[in-house]
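User: I'd like a close look at one part of this model, and then whatever else is worth a look around it. Here it is.

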Number of protein chains: 2
Amino acid sequence: MIGASTDQLKTGYVILRNLINGGFRGSIYPVNPKASEILGLKTYKSVDEIPNQIDLAIIAVAARNVISAIDDCIRAKVGGIVIISAGFRETGQIGTELEEEISERVKSSGIRTIGPNSAGIVNSSVNMCATIEGTPMKGPVALLSQSGALGGATFGWAEDVGLGFSKFASIGNMCDVNFNDLLEYLAQDPETKVITMYVESIGDGNRFVAVAKNVSLVKPILAYKVGRTGAGQRATLSHTGSLATSDNIYDGAFRQAKIIRVYDAEELLDYAYALTHQPLPKGGRVGILTDAGGPGVAATDACTLSGLEVPELPDSIQTKLKQILPPFASTKNPVDMTFSLNSKLYQDCIDLILSENAVDALIITITSHLEVQQELANTIVASFGSGGKPFLVSWTASRAADPARGILRRRGIPVYSTPEKTARALACLARYSRSVHE
Amino acid sequence: MIGASTDQLKTGYVILRNLINGGFRGSIYPVNPKASEILGLKTYKSVDEIPNQIDLAIIAVAARNVISAIDDCIRAKVGGIVIISAGFRETGQIGTELEEEISERVKSSGIRTIGPNSAGIVNSSVNMCATIEGTPMKGPVALLSQSGALGGATFGWAEDVGLGFSKFASIGNMCDVNFNDLLEYLAQDPETKVITMYVESIGDGNRFVAVAKNVSLVKPILAYKVGRTGAGQRATLSHTGSLATSDNIYDGAFRQAKIIRVYDAEELLDYAYALTHQPLPKGGRVGILTDAGGPGVAATDACTLSGLEVPELPDSIQTKLKQILPPFASTKNPVDMTFSLNSKLYQDCIDLILSENAVDALIITITSHLEVQQELANTIVASFGSGGKPFLVSWTASRAADPARGILRRRGIPVYSTPEKTARALACLARYSRSVHE
């Protein structure tokens, strides 16, 4: 940790603290010419003084001192470098020249380098949270981000719904390691089930499409791309110094590469959850079970608008449904049970909808139902799994429904606040399923 | 309450309970030929037995007994009727004929009637929760809904963010009172600041556009319309028995009537909150203050895509911002403070961005910032109000940021989970502002 600091507001302190709090399994060597100890760790005056081989050097010194820190790292033959320091390409001409010098130096040394202007990286398999963004829960999601802050914010948000991270890289200005390198790495990473990206600009578009297309066959890639408008692109220039490209070009590239595009951080997490916890549907036919007409209609609309199909159920199933449902219930699909507190009835309806291979996936829309929420959630959990078909739940209610939502999530059943979000998450699963089977 | 029940699962019990729990200020007369007391209230064998003039009759008897209940109401000269009973137009030919008979009878009596197939109504000014959907918090939002369940679900969800309801009507099959009648009523209602609607189908489109256009001049109308697709329209048929019309026709009608269309229940609540708590912007120029580049870019994109403008700030303001911000900060707009724990700096930036009338509204995007969340929220609250310009906050973080979100909401500052949602809510304010000034 080159530039380890005693000042709690400095990145060189925050990263050290997160490395310790995250429970890193290796040894940490803070480098600071003045302090003798930081956060209980012995400090070293320079990289040369460190007695052991360094696997990774984190550089968080002032921009003007980065070159000399890199020279120290090259001499010490470190395994890799992450440059946290900012003040490069994103700040104008002088910074750009400095960054080019860094880039040449690390490239000719062969030491792979992330940054500068990175918020750090996380490798959950060794509990290494070398980042200013906190210590995410461990899990199956990798996040590559041109915004460090988005990483930090999504860590906590994801943890609220039980979603964790395998790897995180705030890639910064990409003086060496870029999206393509990390995609290839993550494709091989056994702990990563889905790759998520926050993108402002991708350097080498042609290679990106070629690489991402191959990676998409192995695991899904979700991309949240900003700088969609002229005004937004001008804003990226002062953020990561990225040059803008028309958003249509990105749309085309994502489509070619079978990348699923999302439009905000919530969609990123919603879809990542579904992709990592549910089986892929074998087709696009959706069965909808609802306790109220409106949400059933909304789910049907949203499924249809997302390219899914809500087919009328076969007469054989409808006949059986009619035998168990009240007279005003609808059995076509959506199956509108009308309001019911009877969990057994839910179970029977689920079994019938999934019978005869009439649908490829199930959406259950629940409104309120607070009286019997835990029993109902347990019933859904008990019905899930046997047919190998994805289950997604829309539970529109206040936070009072959180206990039931928790029960569903502990079994990996995604639960969203509206039928529309639920349908789009299922459409994401269906789309990925199609793209790997094409 | 005709059809008051001792069975806790029956609507005739649930409504009575909600009337009592809601603290209704008037007298309640349960009508039930068998019981002598329900929920502590003396019951009456028939409507004729009730000693006083009835302002409102709620009918929750079996469909086949509704006609006779209505005849009782007509004889008793009740002020109005709400029919909860289902089993009419939504169930086919026989139900449709029965509904037509009801319609003729109440129309010729002149007693205005909501339903059948209604989940009830709420009038907060007299604490009357004559609905199966619970007891909403009191507040400035009216909800007209063709889905009762959506009402119940949004009551709790809205309360989570401090949003309450003035009136609620589950309008059911509209045998008499329709959307137009209720819009005209709500336009005059001093306790309603915004009208929200969940729509499957509107009967008389021409009159609707004429009425809604006038109402929109007085207060904003938000419409969440489902049955957008063929499959969704088939589903509405078995729900409210509504006949479908092409979604494009609705789009055109809403545009003519200056109704703001929303696409799920969350948008409905998000926009309703902003419209009832913030001043309208005088124009579409947005200042964005951010603690991180990515969310600033995302907010800029979303503003631009929603028809707002993110203009570069005048040099005079930028010069002053440069004097107080760190060297890597960006002062153009978005103003990217870069990460800062300094609340005074936030206050100074807000004041500068709002100076010289350079923008019409402010969006603040915050990512995590948990260490100083309450201080930061209090700073934003203290800065709000003097310039008469709307403030909206995007706070992307885990639930650990809820205390800060609560501080903002108690002062009426909307806070959303992503920059995109925040920008769209502001665009809704700007759009309504334009439409009343056109």
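At what angle do the axes of helix H11 and helix H12 of chain B cross, and within what distance do they come?

Analyst: Keep in mind that this is a predicted model. The axes of H11 (residues 315-324) and H12 (residues 343-353) of chain B cross at roughly 175° and come within 10 Å. Angles over 145 degrees count as roughly antiparallel, and H11(B) and H12(B) are therefore roughly antiparallel to each other.

As for who touches whom, H11(B) brings B:Ile317, B:Lys320, B:Leu321 and B:Ile324 to the contact, and on the H12(B) side they meet B:Leu345, B:Asp348, B:Cys349, B:Leu352 and B:Ile353. Sorted by class, that makes seven nonpolar and two charged residues, with no polar ones.

Now for the rings. Searching the whole structure over all chains turns up 14 aromatic pairs. One of them is B:Tyr29 with B:Tyr44: the ring centres are 5.5 Å apart and the planes sit at 70°, so this is an edge-to-face pair. The two tyrosines come from distant parts of the chain, 15 residues apart, with B:Tyr29 in the loop between helix H1 (11-21) and strand S1 (37-38) of chain B, and B:Tyr44 in the loop between strands S2 (41-42) and S3 (57-59) of chain B. Both B:Tyr29 and B:Tyr44 are buried.

B:Phe155 and B:Phe168 also pair edge-to-face, because their planes are at 85°, with centres 5.0 Å apart. B:Phe155 belongs to helix H4 (residues 148-160) of chain B and B:Phe168 to strand S9 (residues 165-170) of chain B, so the pair ties together parts 13 residues apart in sequence. Both of these phenylalanines, B:Phe155 and B:Phe168, are buried. Over in chain A, A:Phe155, A:Phe165 and A:Phe168 make up one aromatic cluster.

B:Tyr44 shows up again with a charge: the charged end of B:Lys42 sits over its ring, 4.3 Å from the centre. In chain A, A:Lys225 lies over the face of A:Tyr250, 4.3 Å from the ring centre.

B:Val141 has a relative accessible area of 2%, so it counts as buried. Leaving aside residues up to four places away in sequence, B:Val141 touches B:Leu163, B:Gly164, B:Phe165, B:Ser166, B:Lys167, B:Val194, B:Thr196, B:Ala272 and B:Thr276.

How values were computed. Residues are numbered from 1 along each chain as its sequence is written. Chains are lettered from A and ligands numbered from 1 in the order in which they are written. This is a predicted model: local features need pLDDT of at least 70, side-chain atom pairs count only at pLDDT 80 or more; totals for chains, interfaces and linings use all residues. Side-chain values use heavy atoms; hydrogens and water are left out. Rings of Phe, Tyr and Trp (its six-membered ring) pair if their centres lie within 6.5 Å; planes under 30 degrees apart count as stacked, over 60 as edge-to-face and the rest as tilted. Helices (H or I, at least four residues) and strands (E, at least two) are DSSP runs, numbered from the N terminus. Buried means under 20% relative accessible area, exposed over 50%, partly exposed in between (1.4 Å probe, protein chains only). A charge sits over a ring if NZ of Lys or CZ of Arg is within 6 Å of the ring centre and within 35 degrees of the ring normal. Axes are lines fitted to C-alpha atoms, for helices over the stretch in contact, and angles run from 0 to 180 degrees between N-to-C directions. Angles under 35 degrees count as roughly parallel, over 145 as roughly antiparallel, 65 to 115 as roughly perpendicular and the rest as oblique. Contact means heavy atoms within 4.5 Å. Ala, Val, Leu, Ile, Met, Phe, Trp, Tyr, Cys and Pro count as nonpolar, Asp, Glu, Lys and Arg as charged, and the others, Gly among them, as polar.
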